[in-house]
Amino acid sequence: MRSPRERALWSLLAALLLAAAAAAWWTADQWLPQAGPWTEQAWKKITRPGPESLPPDKRPTATQARPAQAGASQPVAPQPRKCVRDGRTTYTDQPCPQGSQELPVDGAVTSLPPAQ
């Protein structure tokens, strides 16, 4: 049996948790657009680990990762680069300009055609 003080503490904790869940649900339209992409990316990383999570002797080699297609060769897309300079972030497929810092790209990068 729990003491009356311990039961009161657990009851208060449960009430606070319930109030926090209700507040989060009530204000979801304000915070979900910012947190939604982050949670989706975190969920993908958790549920679909990449080959780097395998032991070194079990990792696929470059030829195993991309099997050759019969007679077809596809051009290799250049890898995107994330360049940060003076607090501004730029994504490019070229080397980063001088004076900027190259950081790893997190997630997918979608490219759009130039504005006309």
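**Stop one: a serine in a loop**

Start by selecting Ser-100, which sits in the loop that links strand S2 (88-92) and strand S3 (101-103). Keep in mind as you go that this is a predicted model.

Now show the neighbours. Leaving aside residues up to four places away in sequence, Ser-100 touches Cys-83, Val-84 and Arg-85.

**Stop two: the sheet**

Those neighbours lead us to the next selection: strand S1, residues 81-85. S1 is joined to S2 by five bridges, and the two run antiparallel. Click on Cys-83 and look across: Thr-90 in S2 is the residue opposite.

Next, follow the hairpin of S1 and S2, where two residues lie between the strands. Pick out Asp-86 in this hairpin: its phi is positive, near 55°.

Then look at S1 together with S3. This pair is antiparallel as well, with three bridges. Select Val-84 and you'll find Gln-101 of S3 standing opposite.

Now zoom out and colour the strands. In what order do the three strands of the open sheet come? The order is S2-S1-S3, and the pairing is antiparallel. S2 and S3 are at the edges with a single partner strand each, so one side of each has no neighbour in the sheet.

**Stop three: an arginine on S2**

Select Arg-88, which belongs to strand S2. Is Arg-88 buried or exposed? Its relative accessibility is 66%, and exposed means over 50%, so Arg-88 counts as exposed.

**Stop four: two helices**

Finally, select helix H1 (residues 4-26) and helix H2 (residues 28-47). To describe two packed helices, we use the angle between their axes and the distance between the axes. For H1 and H2 the angle is about 80° and the axes are 6 Å apart, so H1 is roughly perpendicular to H2.

Show the side chains where the helices meet: Ala-24, Trp-25 and Trp-26 of H1 are in contact with Ala-28, Asp-29 and Trp-31 of H2. Sorted by class, this contact has five nonpolar residues, one charged and no polar ones.

How values were computed:
Residues are numbered from 1 along each chain as its sequence is written. This is a predicted model: local features need pLDDT of at least 70, side-chain atom pairs count only at pLDDT 80 or more; totals for chains, interfaces and linings use all residues. Side-chain values use heavy atoms; hydrogens and water are left out. Helices (H or I, at least four residues) and strands (E, at least two) are DSSP runs, numbered from the N terminus. Contact means heavy atoms within 4.5 Å. Two strands pair if DSSP finds at least two bridges between them. Buried means under 20% relative accessible area, exposed over 50%, partly exposed in between (1.4 Å probe, protein chains only). Axes are lines fitted to C-alpha atoms, for helices over the stretch in contact, and angles run from 0 to 180 degrees between N-to-C directions. Angles under 35 degrees count as roughly parallel, over 145 as roughly antiparallel, 65 to 115 as roughly perpendicular and the rest as oblique. Ala, Val, Leu, Ile, Met, Phe, Trp, Tyr, Cys and Pro count as nonpolar, Asp, Glu, Lys and Arg as charged, and the others, Gly among them, as polar.
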